[in-house]
Amino acid sequence: MLGRRNSAALLAEFLGTGALVLLVLSVQRSTIGVPFFVAAAAGLVVALMSFTVGGASGGFFNPALTLGFWTLRRISFVKMLAFVAVEFLAAYLAQLLYHYMVKTPLQQVGGHWNVHIFVAEIVGTIIFGLGFTAAIYNGVTKGATAAFAGLALMVGIIAASPASIGVLNPAVAVGIKAIAWAYILGPFIGALIAINLFSLVFAESDRSPINALFNSMGSGRSVTSSAPAKKKKSSKKSKR
């Protein structure tokens with residue numbers, strides 16, 4: 001038998017090489033001008049918001065990621081429902097704000113249900129989900145986690161762009177009026193695959209820093225905080 005470690009190594013080479021070729025093709029063979037800038041903007045926003053406010057919630061900003069981490073039992077069912085509701089509400093309010101600023105009604109984008117779009121959204125979200133989960137699991141610094149989350153989203157959007165508009169987020173799909181089931185279901189399926197795949201195959205043990213992250217969210221403590229050391233009682237020698 002291959003064993004877990006050898007299987008993980010083979011799968012890592014498979015995923016890495018496949019993602020590399022897909023990204024090269026996506027940039028080289030397609031008109032990726034607009035998708036590239038959309039991907040860059042989305043990645044920068046996720047990186048910024050993850051760094052500034054992500055420590056309070058985990059920095060999901062995506063119902064698909066929220067659901068995925070609930071399946072790992074890292075957040076409670078009630079918190080998952082609350083996060084998802086708030087994420088969809090924020091997307092809708094952002095749409096209203098944009099409509100107010102531009103004074104032009106938003107048109108639906110992304111087309112209708114299409115298997116090619118559906119597969120592209122799944123693939124792009126898998127790439128994004130793997131990068132996001134790895135950033136949290138590996139316990140890097142707060143800034144590095146935010147940077148990797150933004151970079152993973154950017155790469156995932158570019159990977160999906162040959163067949164879709166690269167949403168990778170059901171809340172964003174609602175906010176930009178990409179109301180096709182491919183843009184709603186695709187990210188959910190992709191995130192569930194990516195997050196659970198990383199946890200089952202690539203996670204070395206359950207001692208991951210991800211536990212400390214979500215425990216700190218519940219207790220209000222910092223991940224890096226530790227209980228203050230007890231002061232040793234110093235006994236003064238009496239002078240004769």
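Buried, in these entries, means under 20% relative accessible area. I note at the outset that the model is predicted.

**Entry 1. Helix α5**

I began with the buried positions of α5. I found M80, F83, V84, E87, A91 and Q95 buried in this helix. I recalled that residues three or four places apart point the same way, because an α-helix has 3.6 residues a turn. I then looked up what covers the buried residues of α5, and the cover includes α3 (54-57), α4 and α8 (170-175).

I checked the length of α5 next. The helix has 26 residues and reaches 38 Å from its first C-alpha to its last. This is close to the 38 Å expected at 1.5 Å a residue.

**Entry 2. The whole chain**

I stepped back to the overall composition. The chain has 10 helices and zero strands. Of the 240 residues in the chain, buried residues make up 38%. I also looked up how far along the sequence the contacts reach. Among contacts between residues at least 6 apart in sequence, 76% join residues at least 24 apart.

**Entry 3. The largest nonpolar core**

Which residues have the most contacts inside the largest nonpolar core? I listed F60, L65, F69, F128, F132 and Y183, in a core of 44 residues. Six helices each supply at least two residues of this core: α2 (33-52), α4 (63-71), α5 (77-102), α6 (115-137), α7 (142-160) and α9 (181-202). The largest share, 11 residues, comes from α6.

**Entry 4. Helix α6**

I compared its span with expectation: at 1.5 Å a residue, the 23 residues should span 33 Å, and the end C-alpha atoms are 32 Å apart, which agrees.

I inspected both ends of the helix. At the start of α6, a side-chain oxygen of N114 reaches to within 2.7 Å of the backbone nitrogen of H116. After α6 comes G139, whose phi is positive, near 65°.

Is T125 buried or exposed? T125, which lies in helix α6, has a relative accessible area of 1%, and therefore counts as buried under the 20% cut-off. Leaving out residues up to four places away in sequence, I found that T125 touches L168, G186, P187, G190, A191 and A194.

T133 also lies in helix α6. Its relative accessibility is 3%, so I counted T133 as buried. With residues up to four places away in sequence again left out, T133 touches F69, I195 and F198. F69 is one of the residues with the most contacts inside the largest nonpolar core.

**Entry 5. The largest pocket**

I turned to open space in the model. About 1,100 Å³ of space lies in the largest pocket. Which of its 34 lining residues are the closest to its centre? I noted V45, F61, N169, A171 and V172. The elements that give two or more residues to the lining are α2, α5, α7 and α8. The most comes from α5, with eight residues.

Most residues other than glycine have a negative phi. K103 has a positive phi of about 55° although it is not a glycine. This residue follows α5 and is found in the loop between α5 and α6. Its relative accessibility is 73%, so K103 counts as exposed.

K177 is not a glycine either, and I noted its positive phi of about 60°. It lies in the loop between α8 and α9. At 29% relative accessibility, K177 counts as partly exposed, because this value falls between the 20% and 50% cut-offs.

Note on methods:
Residues numbered from 1 in each chain as written. Predicted model: local features only at pLDDT ≥ 70, side-chain atom pairs only at ≥ 80, totals over all residues. Heavy atoms only, no water. Core = buried A, V, L, I, M, F, W, Y, C linked by side-chain atoms within 4.5 Å. Buried < 20%, exposed > 50% of the residue type's maximum accessible area, 1.4 Å probe, protein only. Helix = DSSP H or I, 4+ residues; strand = E, 2+ residues; numbered from the N terminus. Contact = heavy atoms within 4.5 Å. Expected span 1.5 Å × (residues − 1). 1 Å grid on protein atoms, 1.4 Å probe; cavity = no way out; pocket = protein on both sides within 12 Å on 5 of 7 lines; lining within 4 Å. Points joined across faces, edges and corners; volume = space filled by probe spheres on them. Polar contact = N/O pair within 3.5 Å; in protein donor to acceptor, adjacent residues only side chain to side chain.
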